[in-house]
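Here is a short briefing on one protein model. Look at the sequence and the fold before reading on.

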Amino acid sequence: MEENQQYDMADEMPIRRRRRGGDEEDKDRFMLLRNILNIIFMIGAVVGVVIWLQWNQNIGLIVILASMVFKFVECVFRFIK
């Protein structure tokens, strides 16, 4: 008997439990794109904070919000994988 197999008491049929991150045949086809978008987001967020703290808060806020757009796009790709 497999370790991830349990039995339903009502009809004695095995219930297969799928583990997160287990056997993924097709890894994530968007992984490279998601990594690139995450890098753009992180660089933009850091640059935005530096601009916010050193020079102009309005421009820093615009840079931070623009970098958040990349994060939202990355989340969309994560959900449609």
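In which hand, left or right, does H1 pass H2? The crossing is left-handed, meaning that the near helix is turned anticlockwise from the far one by less than a right angle. The model is predicted: local features need pLDDT of at least 70, side-chain atom pairs count only at pLDDT 80 or more, and totals for chains, interfaces and linings use all residues. Residues are numbered from 1 along each chain as its sequence is written, and side-chain values use heavy atoms, without hydrogens and water.

**Overall fold**
- The protein has two helices and two strands, taken as DSSP runs (helices H or I, at least four residues; strands E, at least two).
- Their order along the sequence is β-β-α-α.
- Of 81 residues, 19% are buried (under 20% relative accessible area, 1.4 Å probe, protein chains only).

**Helix pair**
- Helix H1 spans residues 31-54 and helix H2 residues 57-79.
- Their axes, lines fitted to C-alpha atoms over the stretch in contact, come within 8 Å and cross at roughly 165°.
- H1 is therefore roughly antiparallel to H2 (an angle over 145 degrees, on a scale from 0 to 180 between N-to-C directions).
- The residues of this contact divide into 17 nonpolar, six polar and four charged; Asp, Glu, Lys and Arg count as charged, Ala, Val, Leu, Ile, Met, Phe, Trp, Tyr, Cys and Pro as nonpolar, and the others, Gly among them, as polar.

**Ser67**
- Ser67 lies in helix H2.
- Ser67 counts as buried because its relative accessibility is 2%.
- Beyond its neighbours within four places in sequence, Ser67 is in contact with Phe41, Gly44 and Ala45 (heavy atoms within 4.5 Å).

Note on methods:
Buried < 20%, exposed > 50% of the residue type's maximum accessible area, 1.4 Å probe, protein only. Parallel < 35°, antiparallel > 145°, perpendicular 65-115°, else oblique.
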